[in-house]
Amino acid sequence: MSDPMHHIFISYKHGEPSTKIAKFLYNHFAAYSDGSDFDIYMDDKDNLAGDVWSENITEALQRCTHFIVLLNTAYWLSIECRRELRVALERFEHDQIPRILFVKAEEIRPDLFRFDKDRGTGELSSDDPQIKKVSDLHFLGPFDQNTQLVRLDWENSGKLSDQCAQLFDRLERTLR
């Protein structure tokens, strides 16, 4: 089998509900990936017992063409999550790859989500975890009927499935 054209990396903070959401997205997207030109990486799904996780994650980060962030307050406060995001941003600033795509997994503390119009790079400081430029943001969603960004409704599996279908439709557009 030939190497897929697109490699999608799902970045999330381990713990509930983020892990549940990441697994749901992974399974939902993987169902569409058969016969498509993309594959999906998620640490819980793609690392086997005995694997060196940090090496596998680093390799997947270097290979990814699309970096999906399951955004919530716990993600933003996690040093490991910000490390993954930092690698993706540094690659993007150098090569315009990967495409960084945010999914609003849960609400996020507003004080963590500020902008600095003078920011020139995607550097993140562990003491100041901010996205500082509007153009750094590309949201897959989910969006309501008024195209307002809403959080994933992980408590309602039917609605979550509909939201995942919406996310996949938007992801497909970025793959073209």
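Which residues are exposed on the other side of α6? Select D162 and R173: both are exposed there (over 50% relative accessible area).

**Ground rules**

This is a predicted model, in which local features need pLDDT of at least 70 and side-chain atom pairs count only at pLDDT 80 or more, while totals for chains, interfaces and linings use all residues. Residues are numbered from 1 along each chain as its sequence is written, and side-chain values use heavy atoms, with hydrogens and water left out.

**Stop 1: helix α6**

Select residues 157-175. They make up helix α6; helices are DSSP runs of H or I with at least four residues, strands are E runs of at least two, and both are numbered from the N terminus. The end C-alpha atoms of α6 are 26 Å apart. That agrees with the 27 Å that its 19 residues should span, the expected span being 1.5 Å times one less than the number of residues.

Now colour L160, Q163, C164, L167, F168, L171, T174 and L175. These are the buried residues of α6; buried means under 20% relative accessible area, and partly exposed lies between buried and exposed (1.4 Å probe, protein chains only). Look down the axis. The buried residues of α6 fall within an arc of 145°, so they line one face of the helix. The arc is that of the directions from the helix axis to the C-beta atoms.

What covers this buried set? Show β1 (6-11), α1, β2 (38-41), β3 (66-71), β4 (99-104) and β5 (139-141): the cover includes each of them. Contact here means heavy atoms within 4.5 Å.

Move to the start of α6. A side-chain oxygen of N156 comes within 3.2 Å of the backbone nitrogen of G158.

**Stop 2: helix α1**

Select residues 18-33. Helix α1 has 16 residues and reaches 22 Å from its first C-alpha to its last, close to the 22 Å expected. Its buried residues are S18, T19, I21, A22, L25, Y26, H28, F29 and S33.

**Stop 3**

The structure has 6 aromatic pairs. Rings of Phe, Tyr and Trp (its six-membered ring) pair if their centres lie within 6.5 Å; planes under 30 degrees apart count as stacked, over 60 as edge-to-face and the rest as tilted.

Zoom in on F9 and Y41. Their ring centres are 5.1 Å apart and their planes lie at 25°, so the pair is stacked. This pair links distant parts of the chain: F9 is in strand β1, Y41 is in strand β2, and 32 residues separate them. F9 is buried at 2% relative accessibility. Y41 is buried too, at 7%.

**Stop 4: salt bridges**

How many salt bridges does the structure hold? There are 5; each needs a side-chain nitrogen of Lys or Arg within 4 Å of a carboxyl oxygen of Asp or Glu.

- Select R63 and E59. Their side chains meet in a salt bridge at 3.4 Å, N to O. The two sit 4 residues apart in helix α3 (residues 53-63), about one helical turn. R63 is partly exposed at 33%, and E59 is partly exposed at 49%.
- Select E107 and K104. Their closest N and O atoms are 3.2 Å apart. K104 is buried, at 16%.
- Select E155 and R151. Their closest N and O atoms are 3.2 Å apart. E155 is partly exposed at 48%, and R151 is partly exposed at 27%.

Conventions:
Polar contact = N/O pair within 3.5 Å; in protein donor to acceptor, adjacent residues only side chain to side chain.
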